[in-house]
Amino acid sequence: MVQKPWYKWVMLFLYCFLQWFGGSIWITYASIAHRASSYYSQSIITINLFSLSFLILQLPMAPISSYLFHKSYYWTIMLAYIISIIGVWIRFAAGPIFGLALFGQILVGAMNSMTLSGCSVLAALWFDETQRPIAVAVASTSPLLGSAFGLVISPYYDSIEHLLLTQACYATFAGILNVIFSRNKRDKVHIEGSYKIELKIAFEDKFMLALIVLISAALGIAYALTGIIYQLLDPFGISESQSGWIGFSMYIGGMIGGILTSLVVLKTKNFINPMRIFAIISITGCLVWSIILGDIYSDIIGSSITGFGLFGLMPLGIQAVVDQNKYVAESITTNLVYLIAQGLSVVYTYPLIYCYRATTVSGMWLACVLCILVMGILLIIYRSSLIEKHKEINESFATSLKSVLVSSEDMLQEVK
């Protein structure tokens, strides 16, 4: 079946809708932690498991995701929609039963973690090379828009039951649209060779892995800050609804930054200067927010700059690591970015929360120190000489590995 040229935008919309509602569900209780604690009769630390479950699940889901996307983008997204819808209705039906509600959340979180890397797979499958930076930017920032929506809207619901019902309804609506409009496309979007071969090439590329760790470490800071936004700002007199708007401004800043970086790359065909600029903006944002933190207006300014830098670096970073080694499937490199980012965000979360309790110094200062360390190293190693040198090494290694694979297959055929 021949697909219409405009159908790629439909597929992008369907992917974004999945990530949008996943983002809104992930962040459900971040701005209403006290109300959720009362509703489930659990401590706030325990309530954090609702958001942390999304981050923790990246560990088991990343390898599954890479394998499934390697087989079929269409069926992976379809499976994610079905299980996510089951999860949101379980969460609603559970009422105040914490364990059952968390199980529903885990189902949604698992599917969200499984499909995060789909942004680059979608771009490679449906879009030509000149349009891919924009497609990746829109797709990878769609969870940010959902999270921004979730942070703002949660405090305004009169009950948690109504909030969960609303989420279940729009998730179901998204799933129906996917069943009606989604189409399968069977073009191969990765190099010839097995999944195991691509993994071997990826883990031999130490420079690319270093880039992934640094980009992920920066993204992990942003995830951690938004996941505990109310707990971070509560000691400074910020209310639940105000924390929602502050988190909203961080996500919107990130969306603007992400799309802007992609437009710059589309025009200049260069990742180096945009990466450096956004690394500096990230440091500046964290530093400014740490200094002026204290009321809603200054927090909105600080969070907007921080989100613009840290989240804005995300689509740019994904495209940079995909471009660094074209012999590895997009799903593998993108999954590594999200896997490490979400794992580190879990590691960051409680130190950021307890920093104020232990020292009376805001956890933002700890985030600022981490950001300076990570971005400083990125600025040092991400330069053209090292980039080109390792691209040549990648090509040589992939070619030799492919030759060995072809020779092995020929010998096997002779034996048969």
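Residues are numbered from 1 along each chain as its sequence is written, and side-chain values use heavy atoms, leaving out hydrogens and water. In this predicted model, local features need pLDDT of at least 70 and side-chain atom pairs count only at pLDDT 80 or more, while totals for chains, interfaces and linings use all residues.

**First stop: α2**

Select residues 33–40, helix α2. Its buried residues (under 20% relative accessible area, 1.4 Å probe, protein chains only) are Ala-33, Ala-36, Ser-37, Tyr-39 and Tyr-40. Viewed down the axis of α2, these buried residues fall within an arc of 165 degrees, so they line one face of the helix. Next, select Ser-41, which follows α2 and has a positive phi, near 55 degrees.

**Second stop: α7 and α17**

Select helix α7 (residues 118–126) and helix α17 (residues 330–359), which pack at an angle of about 155 degrees with their axes 8 Å apart. That makes α7 roughly antiparallel to α17 (an angle over 145 degrees). To show the contact (heavy atoms within 4.5 Å), display Cys-119, Ser-120, Val-121 and Ala-124 of α7 with Glu-330, Ser-331, Thr-334 and Tyr-338 of α17.

Methods:
Buried means under 20% relative accessible area, exposed over 50%, partly exposed in between (1.4 Å probe, protein chains only). Helices (H or I, at least four residues) and strands (E, at least two) are DSSP runs, numbered from the N terminus. The arc is that of the directions from the helix axis to the C-beta atoms. Axes are lines fitted to C-alpha atoms, for helices over the stretch in contact, and angles run from 0 to 180 degrees between N-to-C directions. Angles under 35 degrees count as roughly parallel, over 145 as roughly antiparallel, 65 to 115 as roughly perpendicular and the rest as oblique.
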